Each structure stands twice: as C-alpha cells, then as structure tokens.
Amino acid sequence: MAGISTHVLNLTTGRPIAGMRVELYDVAQTPAQRITSTRTNADGRTDAPMLAAAAARTGDFELRFYTGEHFKEPTALSDEVLVRFSIFDAAQHYHVPMLCSPWFFNTYRGS
C-alpha cells in the first residue's frame, strides 16, 4: 500500500497523543502547499492517511506536528516540529511516526 501515514506517541507517558494537529505539505512548490490538515485520534493515529495511496507520487514533503499546541509547556523545546522527507518510489508506503515530549522529538521511517 502506497501513501503517507503517521502516528504520535508521548515519550513521557508512553501513550498515544490524541488531538494533536498534523499537516502535510508539498514543499516542492514555492510557497509550500498544504495537502491535508487533521488531528490524531485516541490511538495517536490519523483517521485517514496523510496522503492516500491513490494520490501517491514522488517528491519532497513536510509533516508539521504542532507540539506546542498540545503540550502547552512554556519551557518546551519547540512549538512546531517539521519533518522533511522525499518519496523516491511512489509505490511504497511511507510511515513517519513522531515520538515526542515537550523537550524532545524524534522520528524515523516506520513500516
């Protein structure tokens, strides 16, 4: 299955983060064009893929995770976490999870 998906986990609690705003942008365009905006569900996932398999294509993309809105922590490291990545094979699925707390964030290409 092709396309782009994500999920968000809170490293402090070890639990999924519900309600975090996540947006996907096409950054090959100037200015970057927003493709979709959604919020995570109770499982920390989006109800639909960020980019559906039918719309999958090669190119440069950016996921924006609005961590500041969620944590509301004045000493937080970042208000927004931007993850830029490239799709080289539109037939493959790209799962890009976010692990975060107010003072830490990390991502990887999942399966």
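Guide: On a 1 Å grid over the protein atoms alone, a cavity is a set of points where a 1.4 Å probe fits but cannot get out, and its lining residues have an atom within 4 Å of a point. Grid points are joined across faces, edges and corners, and a volume is the space filled by probe spheres set on the points. The model is predicted: local features need pLDDT of at least 70 and side-chain atom pairs count only at pLDDT 80 or more, while totals for chains, interfaces and linings use all residues. Residues are numbered from 1 along each chain as its sequence is written, and side-chain values use heavy atoms, with hydrogens and water left out.

Visitor: What is the volume of the largest cavity?

Guide: The count comes to 1 cavity of 30 Å³ or more. The lining of the largest cavity includes Thr67, Leu77 and Trp103. Its volume is about 30 Å³.

Visitor: How many residues in the lining of the largest cavity are charged?

Guide: Ala, Val, Leu, Ile, Met, Phe, Trp, Tyr, Cys and Pro count as nonpolar, Asp, Glu, Lys and Arg as charged, and the others, Gly among them, as polar. By class, the lining has 5 nonpolar and 3 polar residues, and the number of charged residues is none.

Visitor: Why does Glu23 count as buried?

Guide: Glu23 is found in strand β4 (residues 21-26); strands are DSSP runs (E, at least two residues), numbered from the N terminus. Buried means under 20% relative accessible area, with a 1.4 Å probe and protein chains only. Glu23 counts as buried because its relative accessibility is 2%.

Visitor: Which side chain makes a polar contact with the side chain of Glu23 at 2.9 Å?

Guide: A polar contact is a pair of N or O atoms within 3.5 Å; within protein, one must be able to donate a hydrogen and the other to accept it, and residues adjacent in sequence count only if both atoms are side-chain atoms. The side chain of Glu23 makes such a contact with that of Arg21 at 3.1 Å. At 2.9 Å, the partner is the side chain of Tyr25.

Visitor: Is His95 buried or exposed?

Guide: His95 lies in strand β8 (residues 93-95). The side chains of His95 and His7 make a polar contact at 2.8 Å. With a relative accessible area of 6%, His95 is buried.

Note on methods
Helix = DSSP H or I, 4+ residues; strand = E, 2+ residues; numbered from the N terminus. Buried < 20%, exposed > 50% of the residue type's maximum accessible area, 1.4 Å probe, protein only. 1 Å grid on protein atoms, 1.4 Å probe; cavity = no way out; pocket = protein on both sides within 12 Å on 5 of 7 lines; lining within 4 Å.
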